[in-house]
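These are my notebook entries on a structure that I had not examined before. I record what I looked up, entry by entry.

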Amino acid sequence: MELGRAGLAWAAALLLAALGAQAAAGDFDPYRVLGVGRSSSQADIKKAYKRLAREWHPDKNKDPGAEDKFIQISKAYEILSNEEKRANFDRYGDAGESQGYSQHQHRQFHHFHEGFYFDESFFHFPFNSERRDTSDEKYLLHFSHYINEIVPDSFKKPYLIKITSDWCFSCIHIEPVWKEVAQELEVLGVGIGVVHAGYERRLAHHLGAHSTPSILGLINGKITFFHNAVIRENLRQFVENLLPGNLVEKITDKNYIRFLSNWKKENKPHVLLFDHMPVVPLLYKLTAFAYRDYLSFGYVYVGLRGTEELSSQYNINVYTPTMMIFKEHIDRPADVVQARDMKKQLIDDFLSQNKFLMVARLTNQRLFQELCPVKKSHRQRKYCVVLLTGEGDKFAEAYEAFLTFAVANTKDTLKFVHIYNDRQPEFADALLMDRGKSAVVILERRNNAGKIAYKTLEEAWQGSKEDNFILLDLLDQLRTDPGLLSSETVLADLNDELAPMFLIRWLYSMLDYISDCWDSLFHSNWREMMPLLSLLFSALFILFGTVIVQAFSDSSDTRDSPPSEKEETATKTEKNDASFSKESNSRIPKKGFVEVTELTDINYNSNLVRLRPGHMNVVLILSNSTKTILLQKFALEVYTFTGSSSLHFSFLSLDKHREWLEYLLEFAQDAAPIPNQYDKHFLERDYTGYVLALNGHKKYFCLFKPHRSGDEGGTLGSCEDYNSSLHTEARGKSSCSPGSRSIKNKLHKLSFWMERLLEGSLQRFYIPSWPALD
């Protein structure tokens, strides 16, 4: 019994000793060791380290603890000189490197108690980082490596990335499946990556992984998360779904001629793979993605009915996968490879040697740089033989002769290309005097800035035997005399002929954005969706709040009744009319003309008496003799206000309805009574050029009186006291007569009056009811 108690006491003591050792390791403070503050710069840290290292170096300091002190100084500097380790220590009190120190203490603990048996597995767990699968180590990613290498490489091949961490039971569960799939997909050309969230928090946060384990795909710089069960079939299907759907076209007897004939339009060789698999193999899709900028791919399922003609024409062995490359001639392949087991390396070697046509067309600057590289040394000279020609049947014979010459004289140091003068005018103008004829130019690029050395054949290229002999002789001389290229010039960058239009690029970008939002809405972490949801709900709140406030304000305004007292009616303006006027004033004309209708007995009720609330009818008073002139001037003045749907424009014949007008003015509540009919000036009074703005619903009108010479605004701009205006008009009879002033000037400054009408600043004359027009 006492022996058992003694054993337990020993175990407790040993456990406390181990925990104390680890606590001591955790108390290590690099700032205190170097004697610097937490805000010290790298220069201060380096200066302190050099001073302490000279002081405590074991070769110079004979103190017994100098060696341990020097080790601590070196370790402290190692942590603080590395920004990432320093940040980890500032946040968590540990630079992530205490593992070795703990193991050292554990070894001391074990050797000190050699006579006592203690199971070391007490401190080790299967999900600890020490037991991490070594197969993941070669796939580990760091932030800089991911940004600088993995993301650019994702435009050539997709990546499958796993985010893991220590103390993760689910990570252990999926490890066998992940290991098997990673090895299988890597052979096919899929990039594999592993991110340890404990050590690469910045990268895990950048990828949007907030939990472990997480699996995501990366292609074309775009991240897509995997959300299904982690089994082999799901992971393979996930990688396949990452690839674009139009990489490989299914080819049969009906469409193979069309497919192969597109080499001229696409400026690419076309590849056909013959296999007995009903679906396109993933290896072939990955290959098509990697070479999509250079080659077009088609797949022929030889077991399908409808491919017999195709298989027999090219003599295909239906039991062996066959890959063919077609260039300018679709009746025969330019190159063929057959293998029972198509490996990625075999396919890459085959395609990399056939990425370009025999006489490729220079359609962009990137293609020009690849086909005609810059001279690196005298022993690595490469020349480009360029045919500058045009499009159409007129130049077809010259192109065919050049193609035949290129096929017969292909060498590693020579590249044959052609270019359309009309599509690349700057390039052609720099080398030719006349763009209307075909010409051959031999050039060598000297630097990336566009400088070239070149020589142009003196005669236009017709493709004759004589032209072939001349060009062949020049190429033979060029091998021994590089100085033959005596002319130099600087070329501008080529136009990208095959680039999609801006609208199409914008449409594709919008589709990608919508796809990302849709995926985020259903699959992303709510932490990522909170800013978007907050913005969305804020916008909806502001929108509906504004609508509700506007609705209440409009309803309160419509309940307002017309004023009953004369003093109130002369000064009060309603809110809904002001808002209506501001809204209407901001509108632009919708038509190229002004629609003006005559106010008659037939439309009187609809255009005035029963006019909808908020609508006004602007009526011009005219006579038969002044009708044409006044209507033209009226249309010019009010044209800018025709965009408002609340304004209607009419005219009233003074010859027919003089009594209605005088009756209306006489009974205007805020105007003094008109002089009696026995006034000698009554029948001579001229109302032509008057404009009435009639509000049929609220029973009021505003008045515009014609402009008089020498009056800059006294009578044009308001509905002022009508009595004084009439007396002024009676006294100034001669000035109001049509013979003393131009009829057209009567509507001068009507547009300013219209602006004040829409502002609601004109005086209003209320009437008890609208009189009958007759």
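Is Leu540 buried, partly exposed or exposed? I found Leu540 to be partly exposed, with a relative accessible area of 35%; buried means under 20% relative accessible area, exposed over 50%, and partly exposed in between, with a 1.4 Å probe and protein chains only.

I note that this is a predicted model, in which local features need pLDDT of at least 70 and side-chain atom pairs count only at pLDDT 80 or more, while totals for chains, interfaces and linings use all residues. Residues are numbered from 1 along each chain as its sequence is written, and side-chain values use heavy atoms, with hydrogens and water left out.

**Entry on the surface patch.** I located Leu540 in helix 21, residues 526-558 (helices, H or I, have at least four residues and strands, E, at least two; both are DSSP runs numbered from the N terminus). Leu540 belongs to a nonpolar surface patch with Leu536, Phe537, Leu543, Phe544, Val547 and Ile548, and together they have about 700 Å² of accessible area. Patches take residues with over 30% relative accessible area and no salt bridge, and nonpolar side chains (Val, Leu, Ile, Met, Phe, Trp, Tyr) are joined within 5 Å, like charges within 9 Å. A salt bridge is a side-chain nitrogen of Lys or Arg within 4 Å of a carboxyl oxygen of Asp or Glu.

**Entry on aromatic rings.** I looked up ring pairs of Phe, Tyr and Trp (its six-membered ring), with centres within 6.5 Å; planes under 30 degrees apart are stacked, over 60 edge-to-face, and the rest tilted. The count comes to 18 aromatic pairs. The ring centres of Phe405 and Phe416 are 5.9 Å apart and their planes stand at 75°, so this pair is edge-to-face. Phe405 lies in helix 17 (residues 396-408) and Phe416 in strand 12 (residues 414-420), so the pair ties together parts 11 residues apart in sequence. Phe405 is buried at 5% relative accessible area, and Phe416 is buried at 4%. Phe402, Phe405, Phe416 and Trp461 form one aromatic cluster.

**Entry on charges over rings.** I searched for NZ of Lys or CZ of Arg within 6 Å of a ring centre and within 35 degrees of the ring normal. Arg202 lies over the face of Phe143, 3.9 Å from the ring centre. The charged end of Arg292 sits over the ring of Phe289, at 4.1 Å from its centre.

**Entry on His210.** I placed His210 in the loop between helix 9 (201-207) and strand 3 (214-219). His210 is partly exposed, at 27% relative accessibility.

Key:
Areas by Shrake-Rupley, 256 points an atom, 1.4 Å probe, with all protein chains shown as cover.
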